[in-house]
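Visitor: Hi, I have a model to look at with you. Could you walk me through it?

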Amino acid sequence: MTTTQQNFIAGEWRNGQDVIENRNPSDLSDLVGLYAQAGPSDLDDALAQARKAQQEWAGYGLERKQAVLMSIGNELMAHAEELGTLLSREEGKPLAEGKGEVYRAGQFFTYYAAECLRQLGENADSVRAGVEIDVRREPVGVVAVISPWNFPTATASWKIAPALCYGNAVIWKPANATPASAVALTQIIARQDIPKGLFNLVMGSGGSIGQRLVESPEVDAISFTGSVPVGKQIATAAIQNLTKVQMEMGSKNALAVMDDANLDLAVALALGGAFGGTGQKCTASSRLVVHASVHDAFVEKLIAGASAMRVGHALAADTQMGPVVSEQQLAENLAYAELGRTEGAELVCGGQRLELEHQGYYMAPGVFVNTRNDMRINREEMFAPLTSVIKVDGYDEALAVVNDTKFGLTSGIVTQNLARATHFRRNAKTGVVTVNLPTAGTDYHVPFGGRGDSSYGPREQGRSAAEFYTTVKTAYISAGEPE
Ligand code: NDP
(Lines give C-alpha, C1' and ligand atoms only; values in the text may rest on other atoms or scores of the structure.)
Protein backbone atom coordinates (compact mmCIF):
# COMPACT_ATOMS: atom_id res chain seq x y z
CA MET A 1 0.00 0.00 0.00
CA THR A 2 1.28 3.50 -0.82
CA THR A 3 1.84 5.65 2.26
CA THR A 4 0.42 9.14 2.26
CA GLN A 5 3.06 11.88 2.37
CA GLN A 6 2.19 14.31 5.12
CA ASN A 7 2.21 18.03 5.68
CA PHE A 8 4.75 19.56 8.05
CA ILE A 9 2.82 21.67 10.52
CA ALA A 10 4.14 23.36 13.66
CA GLY A 11 7.18 21.06 13.69
CA GLU A 12 5.27 17.78 13.13
CA TRP A 13 4.44 15.62 10.13
CA ARG A 14 0.65 15.36 9.95
CA ASN A 15 -2.12 13.83 7.92
CA GLY A 16 -4.64 16.24 6.48
CA GLN A 17 -8.36 16.25 5.87
CA ASP A 18 -8.03 14.64 2.46
CA VAL A 19 -5.56 12.92 0.12
CA ILE A 20 -4.69 13.47 -3.56
CA GLU A 21 -2.95 11.20 -6.06
CA ASN A 22 0.08 12.46 -7.93
CA ARG A 23 0.66 10.76 -11.31
CA ASN A 24 3.61 10.92 -13.66
CA PRO A 25 2.62 12.98 -16.75
CA SER A 26 5.09 10.91 -18.82
CA ASP A 27 3.37 7.66 -17.83
CA LEU A 28 -0.07 7.85 -16.23
CA SER A 29 0.22 4.28 -14.93
CA ASP A 30 3.04 5.46 -12.62
CA LEU A 31 1.68 6.68 -9.28
CA VAL A 32 4.29 9.04 -7.84
CA GLY A 33 2.53 9.08 -4.47
CA LEU A 34 -0.37 10.12 -2.29
CA TYR A 35 -0.29 13.52 -0.62
CA ALA A 36 -2.17 14.92 2.36
CA GLN A 37 -4.34 17.99 1.92
CA ALA A 38 -4.25 20.34 4.86
CA GLY A 39 -7.45 21.46 6.55
CA PRO A 40 -8.21 24.83 8.14
CA SER A 41 -7.07 23.71 11.61
CA ASP A 42 -3.69 22.61 10.20
CA LEU A 43 -3.21 26.06 8.72
CA ASP A 44 -4.27 27.78 11.95
CA ASP A 45 -1.80 25.68 13.96
CA ALA A 46 0.97 26.42 11.48
CA LEU A 47 0.30 30.16 11.66
CA ALA A 48 0.19 30.25 15.47
CA GLN A 49 3.45 28.31 15.91
CA ALA A 50 5.19 30.21 13.11
CA ARG A 51 4.68 33.46 14.97
CA LYS A 52 6.48 32.10 18.07
CA ALA A 53 9.18 30.35 16.08
CA GLN A 54 9.95 33.49 14.09
CA GLN A 55 10.86 35.39 17.23
CA GLU A 56 13.18 32.60 18.34
CA TRP A 57 14.78 32.38 14.88
CA ALA A 58 15.34 36.13 14.67
CA GLY A 59 17.35 35.77 17.89
CA TYR A 60 19.60 33.00 16.51
CA GLY A 61 23.15 34.17 15.89
CA LEU A 62 24.12 35.05 12.34
CA GLU A 63 26.47 32.09 12.01
CA ARG A 64 23.83 29.68 13.28
CA LYS A 65 21.38 30.90 10.64
CA GLN A 66 24.10 30.79 8.02
CA ALA A 67 24.90 27.18 8.92
CA VAL A 68 21.25 26.16 8.50
CA LEU A 69 20.96 27.70 5.04
CA MET A 70 24.33 26.33 3.96
CA SER A 71 23.35 22.85 5.08
CA ILE A 72 20.03 22.96 3.15
CA GLY A 73 21.86 24.16 0.04
CA ASN A 74 24.57 21.52 0.31
CA GLU A 75 22.02 18.74 0.81
CA LEU A 76 20.06 19.85 -2.25
CA MET A 77 23.19 19.94 -4.39
CA ALA A 78 24.43 16.59 -3.06
CA HIS A 79 21.06 14.96 -3.82
CA ALA A 80 20.41 16.73 -7.14
CA GLU A 81 20.42 13.41 -9.01
CA GLU A 82 17.82 11.73 -6.79
CA LEU A 83 15.63 14.79 -6.22
CA GLY A 84 15.93 15.87 -9.85
CA THR A 85 14.69 12.46 -10.91
CA LEU A 86 11.69 12.80 -8.61
CA LEU A 87 11.01 16.31 -9.94
CA SER A 88 11.17 15.19 -13.57
CA ARG A 89 8.97 12.22 -12.79
CA GLU A 90 6.19 14.36 -11.37
CA GLU A 91 6.53 17.50 -13.51
CA GLY A 92 7.67 16.06 -16.84
CA LYS A 93 10.79 18.08 -17.65
CA PRO A 94 13.74 16.08 -19.04
CA LEU A 95 16.05 14.65 -16.39
CA ALA A 96 18.92 17.05 -17.11
CA GLU A 97 16.56 19.99 -16.51
CA GLY A 98 15.17 18.38 -13.33
CA LYS A 99 18.63 17.78 -11.90
CA GLY A 100 19.77 21.23 -12.94
CA GLU A 101 16.79 22.78 -11.20
CA VAL A 102 17.49 21.03 -7.90
CA TYR A 103 21.17 22.00 -8.07
CA ARG A 104 20.17 25.61 -8.74
CA ALA A 105 17.76 25.49 -5.81
CA GLY A 106 20.74 24.48 -3.64
CA GLN A 107 22.65 27.49 -4.93
CA PHE A 108 19.86 29.81 -3.79
CA PHE A 109 20.33 28.49 -0.27
CA THR A 110 24.13 28.72 -0.29
CA TYR A 111 23.95 32.25 -1.76
CA TYR A 112 21.55 33.38 0.98
CA ALA A 113 23.63 31.53 3.59
CA ALA A 114 26.41 33.96 2.74
CA GLU A 115 23.95 36.87 2.74
CA CYS A 116 23.17 36.07 6.41
CA LEU A 117 26.58 37.57 7.20
CA ARG A 118 26.28 40.50 4.79
CA GLN A 119 23.34 42.34 6.23
CA LEU A 120 24.73 45.79 6.60
CA GLY A 121 22.72 48.83 7.58
CA GLU A 122 23.37 52.51 6.95
CA ASN A 123 24.22 55.33 9.28
CA ALA A 124 24.01 59.07 8.99
CA ASP A 125 24.28 62.26 10.96
CA SER A 126 20.98 63.83 11.82
CA VAL A 127 20.10 67.34 10.75
CA ARG A 128 19.90 67.93 14.50
CA ALA A 129 23.22 68.52 16.22
CA GLY A 130 24.47 65.68 18.41
CA VAL A 131 22.04 63.15 16.95
CA GLU A 132 23.06 60.08 14.95
CA ILE A 133 20.91 57.90 12.74
CA ASP A 134 21.09 54.12 12.35
CA VAL A 135 19.04 52.50 9.56
CA ARG A 136 18.69 48.74 9.67
CA ARG A 137 16.45 46.00 8.37
CA GLU A 138 14.34 43.72 10.53
CA PRO A 139 12.40 40.58 9.54
CA VAL A 140 8.94 41.18 8.17
CA GLY A 141 7.51 38.27 10.25
CA VAL A 142 5.48 35.33 8.92
CA VAL A 143 5.77 34.90 5.15
CA ALA A 144 3.35 32.91 2.96
CA VAL A 145 5.09 31.36 -0.03
CA ILE A 146 2.78 30.27 -2.87
CA SER A 147 4.63 28.57 -5.68
CA PRO A 148 3.78 27.07 -9.09
CA TRP A 149 4.45 23.64 -10.56
CA ASN A 150 6.70 24.60 -13.47
CA PHE A 151 9.81 25.12 -11.31
CA PRO A 152 8.56 23.39 -8.17
CA THR A 153 11.90 23.38 -6.34
CA ALA A 154 13.71 26.42 -7.73
CA THR A 155 10.88 28.96 -7.46
CA ALA A 156 10.04 27.87 -3.93
CA SER A 157 13.74 28.01 -2.99
CA TRP A 158 14.28 31.52 -4.32
CA LYS A 159 11.51 32.60 -1.95
CA ILE A 160 12.16 30.34 1.08
CA ALA A 161 15.94 30.94 1.21
CA PRO A 162 15.76 34.76 1.49
CA ALA A 163 12.74 34.53 3.79
CA LEU A 164 14.78 32.45 6.25
CA CYS A 165 17.99 34.40 5.67
CA TYR A 166 16.34 37.65 6.73
CA GLY A 167 14.85 36.10 9.88
CA ASN A 168 11.30 35.18 8.89
CA ALA A 169 9.05 32.16 9.44
CA VAL A 170 7.55 30.46 6.36
CA ILE A 171 4.21 28.87 5.50
CA TRP A 172 4.64 27.19 2.11
CA LYS A 173 1.66 26.30 -0.10
CA PRO A 174 3.17 24.51 -3.12
CA ALA A 175 1.23 23.73 -6.29
CA ASN A 176 -0.85 20.58 -5.95
CA ALA A 177 0.50 19.35 -9.28
CA THR A 178 4.01 18.89 -7.79
CA PRO A 179 3.73 17.83 -4.14
CA ALA A 180 6.58 15.27 -4.23
CA SER A 181 9.22 17.96 -4.79
CA ALA A 182 7.63 19.98 -1.99
CA VAL A 183 7.84 17.10 0.48
CA ALA A 184 11.44 16.36 -0.54
CA LEU A 185 12.57 19.94 0.10
CA THR A 186 10.62 20.06 3.36
CA GLN A 187 12.30 16.85 4.58
CA ILE A 188 15.67 18.55 4.17
CA ILE A 189 14.56 21.74 5.93
CA ALA A 190 12.87 19.79 8.75
CA ARG A 191 16.19 18.07 9.60
CA GLN A 192 17.92 21.37 10.34
CA ASP A 193 18.59 23.19 13.59
CA ILE A 194 15.53 25.45 13.38
CA PRO A 195 12.85 26.39 15.95
CA LYS A 196 9.76 24.17 15.98
CA GLY A 197 7.24 25.59 13.53
CA LEU A 198 9.59 28.00 11.75
CA PHE A 199 8.96 26.25 8.45
CA ASN A 200 5.58 24.75 7.51
CA LEU A 201 4.45 22.78 4.48
CA VAL A 202 0.72 23.18 3.86
CA MET A 203 -0.32 21.17 0.80
CA GLY A 204 -3.81 21.64 -0.56
CA SER A 205 -5.64 23.29 -3.40
CA GLY A 206 -5.11 26.95 -4.15
CA GLY A 207 -8.81 27.74 -4.10
CA SER A 208 -9.30 26.38 -0.57
CA ILE A 209 -6.21 26.34 1.67
CA GLY A 210 -4.30 28.81 -0.52
CA GLN A 211 -7.13 31.31 -0.38
CA ARG A 212 -7.47 30.87 3.40
CA LEU A 213 -3.74 31.47 3.77
CA VAL A 214 -3.72 34.72 1.79
CA GLU A 215 -6.80 35.99 3.63
CA SER A 216 -5.23 35.42 7.05
CA PRO A 217 -4.41 38.50 9.09
CA GLU A 218 -1.65 36.37 10.70
CA VAL A 219 0.41 36.56 7.51
CA ASP A 220 2.75 39.54 7.19
CA ALA A 221 3.87 39.07 3.60
CA ILE A 222 2.89 36.94 0.60
CA SER A 223 5.28 35.93 -2.18
CA PHE A 224 3.46 34.39 -5.16
CA THR A 225 4.40 33.04 -8.59
CA GLY A 226 1.68 31.89 -10.96
CA SER A 227 -1.01 33.23 -13.24
CA VAL A 228 -2.28 36.80 -13.53
CA PRO A 229 -5.90 36.05 -12.49
CA VAL A 230 -4.79 34.24 -9.33
CA GLY A 231 -2.27 36.99 -8.63
CA LYS A 232 -5.02 39.60 -8.77
CA GLN A 233 -7.19 37.48 -6.46
CA ILE A 234 -4.32 37.22 -3.98
CA ALA A 235 -3.63 40.95 -4.12
CA THR A 236 -7.31 41.64 -3.46
CA ALA A 237 -7.23 39.40 -0.39
CA ALA A 238 -3.92 40.81 0.81
CA ILE A 239 -5.04 44.41 0.69
CA GLN A 240 -7.90 43.68 3.13
CA ASN A 241 -5.23 43.13 5.81
CA LEU A 242 -2.67 45.50 4.27
CA THR A 243 -0.40 42.49 3.88
CA LYS A 244 2.79 43.07 1.92
CA VAL A 245 2.68 41.28 -1.44
CA GLN A 246 5.13 40.36 -4.18
CA MET A 247 3.98 38.60 -7.34
CA GLU A 248 5.62 37.12 -10.44
CA MET A 249 2.99 36.28 -13.05
CA GLY A 250 2.47 35.83 -16.76
CA SER A 251 4.57 36.89 -19.69
CA LYS A 252 4.74 37.04 -23.48
CA ASN A 253 8.47 37.23 -24.06
CA ALA A 254 9.88 38.12 -27.47
CA LEU A 255 13.19 37.24 -29.10
CA ALA A 256 14.09 39.69 -31.90
CA VAL A 257 16.22 38.19 -34.69
CA MET A 258 17.93 40.86 -36.77
CA ASP A 259 19.22 40.74 -40.35
CA ASP A 260 22.83 40.55 -39.12
CA ALA A 261 22.17 37.73 -36.63
CA ASN A 262 24.14 34.53 -36.61
CA LEU A 263 21.19 32.43 -37.80
CA ASP A 264 22.33 29.14 -36.31
CA LEU A 265 22.68 30.82 -32.95
CA ALA A 266 19.29 32.53 -33.35
CA VAL A 267 17.58 29.22 -34.14
CA ALA A 268 19.26 27.46 -31.23
CA LEU A 269 18.18 30.26 -28.86
CA ALA A 270 14.63 30.17 -30.22
CA LEU A 271 14.32 26.39 -29.90
CA GLY A 272 15.69 26.34 -26.35
CA GLY A 273 13.67 29.38 -25.31
CA ALA A 274 10.41 28.18 -26.83
CA PHE A 275 10.49 24.47 -26.01
CA GLY A 276 12.70 24.13 -22.92
CA GLY A 277 10.55 22.96 -20.03
CA THR A 278 7.90 22.09 -22.69
CA GLY A 279 7.33 25.84 -23.09
CA GLN A 280 6.05 26.05 -19.52
CA LYS A 281 8.37 28.83 -18.40
CA CYS A 282 7.58 32.40 -17.47
CA THR A 283 10.68 33.31 -19.48
CA ALA A 284 9.74 31.26 -22.59
CA SER A 285 10.35 32.78 -26.04
CA SER A 286 6.77 32.66 -27.25
CA ARG A 287 7.13 35.42 -29.87
CA LEU A 288 9.95 35.32 -32.42
CA VAL A 289 10.19 38.72 -34.07
CA VAL A 290 12.19 38.18 -37.24
CA HIS A 291 13.67 40.62 -39.77
CA ALA A 292 12.11 40.09 -43.22
CA SER A 293 15.49 39.63 -44.92
CA VAL A 294 16.33 36.53 -42.86
CA HIS A 295 12.76 35.40 -42.17
CA ASP A 296 12.52 32.54 -44.66
CA ALA A 297 15.96 31.11 -43.85
CA PHE A 298 15.25 31.37 -40.12
CA VAL A 299 11.83 29.73 -40.41
CA GLU A 300 13.23 26.87 -42.49
CA LYS A 301 15.89 26.10 -39.86
CA LEU A 302 13.39 26.56 -37.03
CA ILE A 303 10.93 24.08 -38.50
CA ALA A 304 13.74 21.58 -39.10
CA GLY A 305 14.88 21.97 -35.48
CA ALA A 306 11.40 21.76 -33.95
CA SER A 307 10.43 18.76 -36.06
CA ALA A 308 13.61 16.94 -35.08
CA MET A 309 13.07 17.40 -31.33
CA ARG A 310 12.69 14.11 -29.51
CA VAL A 311 9.55 14.24 -27.39
CA GLY A 312 9.36 11.49 -24.82
CA HIS A 313 9.34 10.23 -21.24
CA ALA A 314 11.04 12.76 -18.99
CA LEU A 315 13.36 10.10 -17.57
CA ALA A 316 14.48 8.66 -20.92
CA ALA A 317 18.08 9.58 -21.69
CA ASP A 318 17.42 10.82 -25.24
CA THR A 319 14.35 12.97 -24.47
CA GLN A 320 14.68 16.62 -25.45
CA MET A 321 11.14 17.68 -24.56
CA GLY A 322 8.95 15.98 -21.97
CA PRO A 323 5.16 15.95 -21.66
CA VAL A 324 2.92 18.82 -20.63
CA VAL A 325 2.24 18.86 -16.89
CA SER A 326 -1.46 17.94 -16.82
CA GLU A 327 -4.51 17.01 -18.83
CA GLN A 328 -5.97 20.47 -18.28
CA GLN A 329 -2.81 22.20 -19.48
CA LEU A 330 -2.70 19.93 -22.55
CA ALA A 331 -6.34 20.71 -23.36
CA GLU A 332 -5.62 24.46 -23.09
CA ASN A 333 -2.55 24.10 -25.31
CA LEU A 334 -4.47 22.23 -28.01
CA ALA A 335 -7.17 24.88 -27.84
CA TYR A 336 -4.50 27.56 -28.46
CA ALA A 337 -3.17 25.59 -31.45
CA GLU A 338 -6.68 25.62 -32.86
CA LEU A 339 -7.24 29.27 -31.96
CA GLY A 340 -4.10 30.26 -33.88
CA ARG A 341 -5.44 28.58 -37.01
CA THR A 342 -8.82 30.26 -36.56
CA GLU A 343 -7.07 33.62 -36.28
CA GLY A 344 -5.34 33.01 -39.62
CA ALA A 345 -1.90 31.92 -38.44
CA GLU A 346 -0.26 28.98 -40.19
CA LEU A 347 0.82 26.12 -37.93
CA VAL A 348 3.77 24.85 -39.96
CA CYS A 349 4.76 22.04 -37.63
CA GLY A 350 3.63 20.33 -34.42
CA GLY A 351 0.90 21.57 -32.13
CA GLN A 352 -0.88 18.21 -31.98
CA ARG A 353 -1.18 15.58 -29.24
CA LEU A 354 1.24 12.67 -29.54
CA GLU A 355 0.48 9.07 -28.64
CA LEU A 356 3.74 7.47 -27.50
CA GLU A 357 4.73 4.17 -25.90
CA HIS A 358 3.57 5.35 -22.47
CA GLN A 359 0.24 7.03 -22.00
CA GLY A 360 1.01 10.66 -21.09
CA TYR A 361 0.32 14.30 -21.93
CA TYR A 362 2.60 14.53 -24.96
CA MET A 363 2.45 17.27 -27.55
CA ALA A 364 4.61 18.03 -30.58
CA PRO A 365 6.47 21.37 -30.44
CA GLY A 366 4.53 23.76 -32.65
CA VAL A 367 5.57 26.75 -34.77
CA PHE A 368 3.14 29.36 -36.10
CA VAL A 369 4.13 31.60 -39.02
CA ASN A 370 2.29 34.43 -40.77
CA THR A 371 1.16 35.78 -37.42
CA ARG A 372 0.38 39.34 -36.37
CA ASN A 373 1.13 40.74 -32.96
CA ASP A 374 -2.53 41.56 -32.40
CA MET A 375 -3.58 37.90 -32.56
CA ARG A 376 -4.56 36.32 -29.24
CA ILE A 377 -1.80 33.71 -29.63
CA ASN A 378 0.64 36.64 -29.48
CA ARG A 379 -1.07 38.46 -26.63
CA GLU A 380 -2.00 35.76 -24.10
CA GLU A 381 0.39 33.60 -22.12
CA MET A 382 -0.07 30.09 -23.51
CA PHE A 383 2.45 28.23 -21.31
CA ALA A 384 2.67 25.69 -24.11
CA PRO A 385 5.28 24.27 -26.52
CA LEU A 386 4.01 26.72 -29.14
CA THR A 387 5.84 29.69 -30.57
CA SER A 388 4.90 32.33 -33.16
CA VAL A 389 7.00 34.00 -35.79
CA ILE A 390 6.19 37.66 -36.49
CA LYS A 391 7.85 39.12 -39.59
CA VAL A 392 9.08 42.75 -39.35
CA ASP A 393 10.73 45.12 -41.81
CA GLY A 394 13.47 46.50 -39.61
CA TYR A 395 14.85 47.11 -36.15
CA ASP A 396 12.46 49.92 -35.19
CA GLU A 397 9.44 47.80 -36.01
CA ALA A 398 10.98 44.86 -34.13
CA LEU A 399 11.43 46.92 -31.00
CA ALA A 400 7.88 48.28 -31.26
CA VAL A 401 6.48 44.72 -31.56
CA VAL A 402 8.61 43.44 -28.67
CA ASN A 403 7.23 46.24 -26.47
CA ASP A 404 3.63 45.93 -27.67
CA THR A 405 2.36 43.68 -24.88
CA LYS A 406 0.75 44.12 -21.47
CA PHE A 407 3.50 41.93 -20.01
CA GLY A 408 7.18 42.79 -19.52
CA LEU A 409 9.26 39.99 -18.05
CA THR A 410 12.08 39.18 -20.50
CA SER A 411 13.10 40.06 -24.04
CA GLY A 412 16.11 39.31 -26.19
CA ILE A 413 17.85 40.39 -29.37
CA VAL A 414 20.12 38.41 -31.68
CA THR A 415 22.42 40.79 -33.52
CA GLN A 416 26.09 41.47 -34.15
CA ASN A 417 25.58 45.22 -34.20
CA LEU A 418 26.70 46.77 -30.91
CA ALA A 419 24.78 50.01 -31.41
CA ARG A 420 21.54 48.12 -32.01
CA ALA A 421 22.14 45.78 -29.09
CA THR A 422 22.78 48.76 -26.84
CA HIS A 423 19.67 50.58 -28.05
CA PHE A 424 17.59 47.45 -27.49
CA ARG A 425 19.03 46.89 -24.02
CA ARG A 426 18.05 50.43 -23.08
CA ASN A 427 14.63 50.56 -24.72
CA ALA A 428 13.08 47.12 -24.29
CA LYS A 429 10.34 47.52 -21.67
CA THR A 430 11.10 44.35 -19.74
CA GLY A 431 12.63 43.59 -16.35
CA VAL A 432 15.22 41.29 -17.94
CA VAL A 433 16.84 41.81 -21.33
CA THR A 434 19.33 39.55 -23.11
CA VAL A 435 21.72 39.99 -26.04
CA ASN A 436 22.65 36.92 -28.09
CA LEU A 437 21.36 34.75 -25.24
CA PRO A 438 18.07 32.95 -24.58
CA THR A 439 15.16 34.86 -23.02
CA ALA A 440 15.06 32.05 -20.45
CA GLY A 441 17.81 31.31 -17.95
CA THR A 442 18.79 33.84 -15.31
CA ASP A 443 21.34 34.04 -12.49
CA TYR A 444 20.55 33.86 -8.77
CA HIS A 445 22.67 36.72 -7.42
CA VAL A 446 20.99 39.56 -9.34
CA PRO A 447 17.41 40.91 -9.43
CA PHE A 448 14.68 39.02 -11.26
CA GLY A 449 11.27 40.41 -12.15
CA GLY A 450 9.28 42.23 -14.77
CA ARG A 451 7.01 45.12 -15.62
CA GLY A 452 3.34 45.51 -16.46
CA ASP A 453 1.24 42.42 -15.76
CA SER A 454 4.34 40.27 -15.27
CA SER A 455 5.26 41.44 -11.79
CA TYR A 456 4.04 43.40 -8.83
CA GLY A 457 6.05 44.49 -5.83
CA PRO A 458 9.78 44.35 -5.13
CA ARG A 459 12.15 42.27 -7.28
CA GLU A 460 13.12 38.75 -6.27
CA GLN A 461 16.58 37.16 -5.94
CA GLY A 462 20.00 38.61 -5.25
CA ARG A 463 20.22 41.41 -2.73
CA SER A 464 16.94 42.89 -4.00
CA ALA A 465 15.13 40.20 -2.03
CA ALA A 466 15.89 42.12 1.18
CA GLU A 467 13.40 44.75 0.09
CA PHE A 468 10.51 42.33 0.38
CA TYR A 469 11.59 40.06 3.23
CA THR A 470 12.53 42.86 5.64
CA THR A 471 11.13 46.07 7.00
CA VAL A 472 13.32 49.12 7.57
CA LYS A 473 13.79 50.70 10.97
CA THR A 474 15.30 54.17 11.35
CA ALA A 475 16.77 54.85 14.83
CA TYR A 476 17.72 58.31 16.12
CA ILE A 477 20.34 58.30 18.89
CA SER A 478 21.46 61.14 21.11
CA ALA A 479 24.10 60.95 23.85
CA GLY A 480 21.42 62.25 26.19
CA GLU A 481 23.32 65.36 27.24
CA PRO A 482 21.48 68.68 27.55
CA GLU A 483 22.23 71.10 24.68
P1 NDP B 1 -2.10 29.31 -10.71
O2 NDP B 1 -1.86 30.76 -10.72
O3 NDP B 1 -3.49 28.80 -10.65
O4 NDP B 1 -1.32 28.61 -9.48
C5 NDP B 1 -0.12 29.08 -8.90
C6 NDP B 1 -0.13 28.75 -7.40
O7 NDP B 1 -1.19 29.49 -6.76
C8 NDP B 1 -0.42 27.29 -7.10
O9 NDP B 1 0.27 26.92 -5.92
C10 NDP B 1 -1.91 27.30 -6.83
O11 NDP B 1 -2.34 26.20 -6.09
C12 NDP B 1 -2.04 28.59 -6.07
N13 NDP B 1 -3.38 29.17 -6.04
C14 NDP B 1 -4.37 29.03 -6.96
N15 NDP B 1 -5.46 29.74 -6.58
C16 NDP B 1 -5.14 30.33 -5.40
C17 NDP B 1 -5.84 31.20 -4.51
N18 NDP B 1 -7.09 31.60 -4.75
N19 NDP B 1 -5.22 31.61 -3.39
C20 NDP B 1 -3.96 31.23 -3.13
N21 NDP B 1 -3.25 30.41 -3.92
C22 NDP B 1 -3.83 29.98 -5.06
O23 NDP B 1 -1.38 28.70 -11.95
P24 NDP B 1 -1.63 27.25 -12.57
O25 NDP B 1 -0.67 26.36 -11.95
O26 NDP B 1 -3.05 26.80 -12.51
O27 NDP B 1 -1.29 27.54 -14.07
C28 NDP B 1 -2.26 28.21 -14.88
C29 NDP B 1 -1.57 29.19 -15.79
O30 NDP B 1 -0.86 30.13 -15.02
C31 NDP B 1 -0.52 28.59 -16.69
O32 NDP B 1 -1.07 28.04 -17.82
C33 NDP B 1 0.33 29.78 -16.97
O34 NDP B 1 -0.25 30.55 -17.98
C35 NDP B 1 0.29 30.56 -15.68
N36 NDP B 1 1.47 30.31 -14.82
C37 NDP B 1 2.50 31.15 -14.95
C38 NDP B 1 3.65 30.94 -14.23
C39 NDP B 1 4.79 31.83 -14.40
O40 NDP B 1 5.86 31.54 -13.85
N41 NDP B 1 4.63 32.91 -15.14
C42 NDP B 1 3.81 29.80 -13.32
C43 NDP B 1 2.63 28.95 -13.26
C44 NDP B 1 1.52 29.23 -13.98
P45 NDP B 1 -2.85 24.85 -6.83
O46 NDP B 1 -2.07 24.70 -8.08
O47 NDP B 1 -2.56 23.79 -5.85
O48 NDP B 1 -4.31 25.05 -7.08
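Visitor: Thanks! What should I know before reading any values?

Guide: This is a predicted model, so to speak of local features pLDDT of at least 70 is needed, side-chain atom pairs count only at pLDDT 80 or more, and totals for chains, interfaces and linings use all residues. Residues are numbered from 1 along each chain as its sequence is written, and side-chain values use heavy atoms, with hydrogens and water left out.

Visitor: Got it. How many helices and strands are there?

Guide: The protein has 14 helices and 23 strands. Helices (H or I, at least four residues) and strands (E, at least two) are DSSP runs, numbered from the N terminus.

Visitor: And why call it as compact as a globular protein of that length?

Guide: Because its radius of gyration is 23 Å, close to the 23 Å that the globule rule gives for 483 residues. That radius is taken over C-alpha atoms, and the rule is 2.2 Å times the number of residues to the power 0.38. The C-alpha trace spans about 80 × 65 × 40 Å along the principal axes.

Visitor: What share of the residues is buried?

Guide: Buried residues make up 57% of the 483. Buried means under 20% relative accessible area, exposed over 50%, and partly exposed in between (1.4 Å probe, protein chains only).

Visitor: How about contacts along the chain?

Guide: Among contacts between residues at least 6 apart in sequence, 72% join residues at least 24 apart. A contact here means heavy atoms within 4.5 Å.

Visitor: Let's zoom in. Where is Gln461?

Guide: Gln461 is found in the loop between strand E22 (455–456) and helix H14 (465–469).

Visitor: Buried or exposed?

Guide: Gln461 counts as buried, at 2% relative accessibility. Leaving aside residues up to four places away in sequence, Gln461 touches Phe108, Tyr112, Trp158, Asp443, Tyr444, Val446, Pro447 and Phe448.

Visitor: Nice. Changing topic, how many salt bridges does a search of the whole structure find?

Guide: The search finds 23 salt bridges. The criterion is a side-chain nitrogen of Lys or Arg within 4 Å of a carboxyl oxygen of Asp or Glu.

Visitor: Which residue forms a salt bridge with Asp44?

Guide: Arg212 does, and the closest N and O atoms are 3.1 Å apart. This pair links distant parts of the chain, with Arg212 in helix H7 (residues 206–215) and Asp44 in helix H1 (residues 40–58), 168 residues apart. Arg212 is partly exposed at 36% relative accessibility, and Asp44 is partly exposed at 37%.

Visitor: What about Asp260 and Arg420?

Guide: Their side chains meet in a salt bridge, at 3.8 Å from N to O. The two residues are 160 apart and link distant parts of the chain: Asp260 sits in the loop between strand E13 (253–257) and helix H9 (263–275), and Arg420 in helix H13 (residues 418–427). Asp260 counts as partly exposed at 25%, whereas Arg420 is buried at 19%.

Visitor: And where do Glu338 and Arg341 sit?

Guide: Both are in helix H11 (residues 327–342), where, being 3 residues apart, they are separated by about one helical turn. Glu338 is partly exposed at 42%, and Arg341 is partly exposed at 41%.

Visitor: Which residues do salt bridges with shared partners join into one network?

Guide: Arg14, Asp42 and Asp45 are joined that way.
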